[in-house]
Amino acid sequence: MSEVKIEEMSQAQLWNGPAGQAWLGMEAILDGLFVPFEKLLADTVRWHRPRAVLDIGCGTGATTLAIARALAPEGNCTGADLSQMMIDRARDRAAAEPEGVHAAFRSGDASRLDGAGPFDMAVSRFGVMFFDDPAAAFARIRAAMTPGAPLAAIAWRSPAENPFMTCAERAAGPLLPALPPMQPGAPGQFAFADEERVCTILSEGGWHDIAISPIDIACTMPEAALMPYLSNLGRIGIALNQAHTATRDRIFGIIRTAFDPFVDADTVRFNAACWMIEAKA
């Protein structure tokens, strides 16, 4: 198998390649894991009562569809994502929705949707952290909004506050010397960890009334889903899928032991330390 050098891949290459393939394979597990965030954003949308919503980094469409259901039949939600394979899956899911649920999907950078909009709200469930130039991206997203349109985006806080999300790299990192350390602020899961940096990004992008609040969400998954989750997702999953079988099996054993503190009988439990990022266009 040819080596995938993660640090040399663009976000488009990752999400149209190994990261997108892994997400598709784990869709049911991830949708179940992130239900609390989906509900939070759907409730926020109901409170604002928009007619046309943009879902930034929609993945396979779970949040987009939840919002479309919340707005049905008058409103609609458009999901955008870099990953064509994930957009294809989202469209298949939308086709199974009942009449009156209006969801559409666009492939490509959510900040470059020529001809789309205007939208009167933007949301995101872990989709805003992957822009190469986030201030410019948010400026373009703002241009697709109606004046005063609200933004409600959820992003991860720091790695230190999310031990579940960093446990695999802490356990396996020393055994995978080719895996480079994560760079603070680089596009990726923890790119929005710094609250002041996020405020600067939004302000430079032309957003105002910026409010960033910590939220802590209890998450669960079946214990039986833990090893499939660990062996497919994130930088560790991609790196291990290239390793020799014996090396992979040994590291999987080490990683699984490291996750023992999060396992309660047949359920995995952890706290997701995130930001709720709000602003107005």
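Is Asp-264 buried, partly exposed or exposed, and at what relative accessibility? Asp-264 counts as partly exposed, at 41% relative accessibility; buried means under 20% relative accessible area, exposed over 50%, and partly exposed in between, with a 1.4 Å probe and protein chains only.

Before I go on, a word on the source. This is a predicted model, in which local features need pLDDT of at least 70 and side-chain atom pairs count only at pLDDT 80 or more, while totals for chains, interfaces and linings use all residues. Residues are numbered from 1 along each chain as its sequence is written, and side-chain values use heavy atoms, with hydrogens and water left out.

Back to Asp-264. Its side chain meets that of Arg-269 in a salt bridge, 3.1 Å from N to O; the term means a side-chain nitrogen of Lys or Arg within 4 Å of a carboxyl oxygen of Asp or Glu. Arg-269 is partly exposed too, with a relative accessible area of 43%. The whole structure has ten salt bridges.

Helices here are DSSP runs of H or I with at least four residues, strands are runs of E with at least two, and both are numbered from the N terminus. Glu-27 is buried, at a relative accessible area of 10%.

Next, Arg-157. Its salt bridge is with Asp-216, at 3.2 Å from N to O. Arg-157 sits in the loop between β5 and α8, and Asp-216 in strand β6, 59 residues away. Arg-157 is buried, at 7%, whereas Asp-216 is partly exposed, at 43%. Arg-157 also lies over the face of Trp-275, 5.6 Å from the ring centre; the rule asks for NZ of Lys or CZ of Arg within 6 Å of the ring centre and within 35 degrees of the ring normal.

Now helix α8, residues 163-172. Seven of its ten residues are buried, so the helix is largely enclosed by the rest of the structure. Among the buried ones are Phe-164, Met-165 and Cys-167.

Last, the cysteines. The count of disulfides is zero, a disulfide being a pair of cysteine sulfur atoms within 2.5 Å. For Cys-274, the nearest cysteine sulfur is that of Cys-219, 7.2 Å away. Cys-274 is buried, at 0% relative accessibility.
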